[in-house]
Amino acid sequence: MLDQCKKCTGRYCATKVSIFSALEKEQLSEVTNLIVRRTYKKGQIICFEGDISDKLYVINKGKIKIFKYTKEGKEQILYILSEGDFIGDLSLLKEEELKFNAEALEDVNMCILTKRDFDNILKSNPEIALKILEVVHDRIVKLENLIQSLSTKDIEARIASLLISFIKDFGVNKKDRLELNIPLSREDMANYIGVTRETISRKLSNLQSEGIIELVGNKRIIIKDIEGLEYLAE
């Protein structure tokens with residue numbers, strides 16, 4: 001349902017998004033006046049593969065996973081997106097079916113902008129299109145890296161690469177250690193790199209025995225030897 005919470009203002013959303021970073025104050029106000037806010041509960045599907053979308057969804061708070069289903073019916077996670085990220089960017093350039101599913105990993109506040117409103121903004125601010133292309137490029141690179149990892153690396157290297165990729169979004173430096181607060185279950189992590197839940201649980205336990213990581217519950221991992229992890233990822 002639509003949410004008019006004070007903490008999820010349109011202006012707050014717009015200022016977080018890279019594609020709007022070049023806008024002047026008046027232009028930014030124009031964008032924020034057009035934004036509609038919506039909340040999704042943990043586990044709720046935001047959009048399905050095959051949906052026809054004409055909206056830009058901006059994450060104001062929380063994290064979501066973008067995934068597809070394999071022929072065997074298993075999830076293949078493509079991205080984990082968080083505050084300031086967005087989906088639906090290609091639909092704004094050309095209305096077409098979505099190529100992915102999106103699910104809230106935790107309670108999420110979203111800011112939504114329709115294609116019609118976005119088109120009007122784009123006419124007076126064409127540089128936004130270039131910003132979108134930059135984001136699309138970065139996501140293609142991530143997918144290429146994922147495909148390469150799945151096809152050429154052994155399981156230990158895939159897990160190490162996954163943990164390293166999580167540092168940017170989930171890493172917190174605390175004195176002499178790095179902590180990852182990961183909103184993914186072991187099943188999600190396994191789906192991300194194409195292994196079973198049992199396999200990733202066993203391999204993480206092995207990394208802990210080797211002193212490379214420390215497992216704290218199901219969602220917290222302490223990186224104790226980043227150099228060792230990087231070596232395994234090669």
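**Exercise 1.** Determine the order in which the 4 strands of the open sheet are arranged, and state which strands lie at its edges.

*Solution.* Step 1: the order is E2-E9-E5-E6, with antiparallel pairing. Strands (E, at least two residues) and helices (H or I, at least four) are DSSP runs numbered from the N terminus, and two strands pair if DSSP finds at least two bridges between them. Step 2: strand E2 (45-47) and strand E6 (75-81) are the edges, each pairing on one side only. Step 3: neighbouring strands are turned against each other by 35° on average, direction ignored. Step 4: E2 pairs with strand E9 (residues 101-104) over 2 bridges in the antiparallel sense, and Ile-45 has Glu-103 in E9 as its bridge partner.

The model is predicted: local features need pLDDT of at least 70 and side-chain atom pairs count only at pLDDT 80 or more, while totals for chains, interfaces and linings use all residues. Residues are numbered from 1 along each chain as its sequence is written, and side-chain values use heavy atoms, leaving out hydrogens and water.

**Exercise 2.** Identify the residues with the most contacts inside the largest nonpolar core, and the element that gives the most to this core.

*Solution.* Step 1: a nonpolar core is a set of buried Ala, Val, Leu, Ile, Met, Phe, Trp, Tyr and Cys residues joined through side-chain atoms within 4.5 Å; buried means under 20% relative accessible area (1.4 Å probe, protein chains only). Step 2: the largest core has 28 residues, and Leu-163, Phe-166 and Met-189 have the most contacts inside it. Step 3: H6 gives the most, with 6 residues. Step 4: Leu-163 touches (heavy atoms within 4.5 Å) residues including Leu-180, Met-189, Leu-204 and Leu-229.

**Exercise 3.** Describe how H6 and H9 cross.

*Solution.* Step 1: their axes, lines fitted to C-alpha atoms over the stretch in contact, with angles from 0 to 180 degrees between N-to-C directions, come within 7 Å and cross at roughly 125°. Step 2: angles under 35 degrees count as roughly parallel, over 145 as roughly antiparallel, 65 to 115 as roughly perpendicular and the rest as oblique; H6 and H9 are therefore oblique to each other. Step 3: among the residues that meet are Ala-157 and Leu-163 in H6, and Ile-226 and Leu-229 in H9.

**Exercise 4.** Which residue takes a positive phi in the hairpin of E13 and E14?

*Solution.* Step 1: strand E13 (residues 213-216) pairs with E14 in the antiparallel sense over 4 bridges. Step 2: Ile-213 stands opposite Ile-223 in E14. Step 3: the hairpin has 3 residues between the strands, and Gly-217 takes a positive phi near 70°.

Notes
Buried < 20%, exposed > 50% of the residue type's maximum accessible area, 1.4 Å probe, protein only. Lists of a residue's contacts leave out its neighbours within four places in sequence.
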